[in-house]
Amino acid sequence: MNRSGHFRTSRVFPAGHAPRGVDVPSTDHSDSSTVLFPRDFLWGVATAAYQVEGASEQRGASIWDEFCRIPGRIADGSSGRVACDHYHRFPGDVALMAELGLSAYRFSISWPRIMPLGRGRIDTAGVDFYARLIDELLAVGIEPVPTLYHWDLPQALEEEGGWLVRSTAERFADYARAVAARLGDRVTRWITLNEPFVHMAYGYAFGVHAPGRTLMFDALPVAHHQLLAHALAARALRDGGHQVLLAHNHTPVVPASGAPQDRAAAQVYDALHNRLLLDPLLLGRYPDLAALAALGAPDLGDFVRDADLDLMAGSLDGLGVNYYMPTLVAAPGPGEALPFALPDYTSRFPGTPVTAFGWPVAPEGLYRVLTGLRDRYGAALPPLHVTENGCSRADTPDGAGRVADPERIDYLDRHLRALVAAKRDGVDVRGYFVWSLLDNFEWAEGFTQRFGLVHVDYRTQARTPKDSFAWYRDRIARARAGTA
């Protein structure tokens, strides 16, 4: 999703997090398609509220509503005001999921749809929408896997400081508690936050996403306050017997060369993108950020309280892995504001195919991410779910209405083979979610990028399953039959 969200945009720098600053050689997993998946493996798709729901007049204002009103912020001048109209069309969309044979649907709950002002009054109509969606899913045997926050902060809270202030974490815990009290009897597995690092970087450091702030390293408190929000919400959810995950964007960090300067830059980037978010949750401490402090980054002691890390440590029952591509990192040039540079990946690996977004297609990177997380965190690493993985293409129906997308099929097939290889090598991976069920509003790129298994005509809202839809349906069926 995002990824223009999810470090999926090229506007500032590509993507990424990684287990270690190592090369990512080509890996052949062609013999990896015959593994037997356990019966409880989650086969899913993913969406996000602002990107698909629409019905913006029936909820409170979010930071994306405000951001989309600013000329030039969205590539095609669009917004998520209507999006895919999933709010009104969800029964048909759930029917499509049932046709796929899914076991899980990852969607996000809109905070301003539940609490229009981010605090206080609960909107019963908003709660009822999600209750009806969940009931529809359960009726066809699909597990609901809600994400509580996928970047759509209530505008009222942003005006009070947003994620730069600690009180937003406390408001998030209140919101999580309220949602669980009303929907928790039908949901057992929750994702608290989606890609908090990307939200900090794109929304608060570089300004290419809502809320559009350009604070550079002064945005670091946003990361901490999101982690605190997760930990406070996790405590409330676990008290109710729920499992708690967090979804983080991951990608191998590849030094541009073997030169010490490039390898050092890759280590800094890795610490900032990956470890800044995962080390506190899994190890109870932040990574060494001395290289950032030298560039004027604030001291962590300015906003981290003594008990915060104790609260964060061990707060995950599972980790969501969002993977799209690797990141090439080089030493910065003279006068650069960042301690690293991010050249185009194909400059080092020419011939690498790219998506319509221009992102390199490197399924071996998913294998490196999964095995690297295991190697880095060992026993502290909870079970993994690949909570996003997908491919943007310029999909257009042909004269007969068919949407052929062989590149997407190849992308998904090769990434699933990489996942299987990681499982065979002992990584505990328990689910795979394609991004996305539907073509949708792709954040700052508007409607210019299509990730869906289902084509959406944004004028008529007509849904047309693509060839990749049929491929994924058959792949799931073969896995369940024990033949692939």
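These legends describe close-up views of a predicted protein model.

**View 1. Confidence along the predicted chain.** The protein chain has an average pLDDT of 93, and 93% of the residues reach at least 70. Residues 1–33 are a stretch where the pLDDT is below 50. In the model, this stretch still has 172 contacts beyond near neighbours in sequence.

**View 2. Strand S1 and its two partners.** Strand S1 covers residues 42–46. Five of its five residues are buried, so the strand is largely enclosed by the rest of the structure. Leu42, Gly44 and Ala46 point one way from S1, while Trp43 and Val45 point the other way. S1 pairs with strand S10 (residues 429–435) in the parallel sense, over five bridges. In this pairing, alanine 46 stands opposite tryptophan 435 of S10. S1 also pairs in the parallel sense with strand S2 (residues 104–108), over three bridges. Here glycine 44 has alanine 104 of S2 as its bridge partner.

**View 3. Valine 45 and the largest nonpolar core.** The largest nonpolar core has 161 residues. Which of them touch the most other members? They are Val45, Trp64, Ile109, Phe172, Leu276, Tyr432 and Tyr472. The largest share of the core, eleven residues, is supplied by helix H9. Not counting residues up to four places away in sequence, valine 45 touches Met97, Leu100, Leu102, Ala104, Tyr105, Arg106, Phe433, Val434, Leu437, Leu453 and Tyr472.

**View 4. Helix H9.** Helix H9 runs over residues 220–239, which makes 20 residues. At 1.5 Å a residue, H9 should span 28 Å, and its end C-alpha atoms are 29 Å apart, which agrees. Is H9 largely enclosed or largely open to the outside? Of its 20 residues, 16 are buried, so H9 is largely enclosed by the rest of the structure.

**View 5. Isoleucine 191 in strand S4.** Isoleucine 191 belongs to strand S4, residues 189–194. Its relative accessible area is 1%, which is under the 20% limit, so isoleucine 191 counts as buried. Apart from neighbours within four places in sequence, isoleucine 191 is in contact with Arg106, Val145, Pro146, Thr147, Leu148, Leu245, Leu246, Ala247 and Thr387. Leucine 215 lies 24 residues from isoleucine 191 along the chain, and their C-alpha atoms are separated by 27 Å.

**View 6. Histidine 248 in strand S5.** Strand S5 (residues 243–250) contains histidine 248. Histidine 248 is buried, with a relative accessible area of 1%. What does the side chain of histidine 248 reach? At 3.3 Å, it reaches the backbone oxygen of histidine 273.

**View 7. Valine 304 in a loop.** Valine 304 is in the loop between helix H11 (290–293) and helix H12 (308–312). Is valine 304 buried or exposed? With a relative accessibility of 17%, under the 20% limit, valine 304 counts as buried. Leaving aside neighbours within four places in sequence, valine 304 is in contact with His224, Tyr286 and Leu309. Valine 304 and alanine 95 are 209 residues apart in sequence, and their C-alpha atoms are 46 Å apart in space.

Technical notes
Residues are numbered from 1 along each chain as its sequence is written. This is a predicted model: local features need pLDDT of at least 70, side-chain atom pairs count only at pLDDT 80 or more; totals for chains, interfaces and linings use all residues. Side-chain values use heavy atoms; hydrogens and water are left out. pLDDT is the predictor's confidence in each residue, from 0 to 100. Contact means heavy atoms within 4.5 Å. Helices (H or I, at least four residues) and strands (E, at least two) are DSSP runs, numbered from the N terminus. The expected span of a helix is 1.5 Å times one less than its number of residues. Buried means under 20% relative accessible area, exposed over 50%, partly exposed in between (1.4 Å probe, protein chains only). A nonpolar core is a set of buried Ala, Val, Leu, Ile, Met, Phe, Trp, Tyr and Cys residues joined through side-chain atoms within 4.5 Å. A polar contact is a pair of N or O atoms within 3.5 Å; within protein, one must be able to donate a hydrogen and the other to accept it, and residues adjacent in sequence count only if both atoms are side-chain atoms. Two strands pair if DSSP finds at least two bridges between them.
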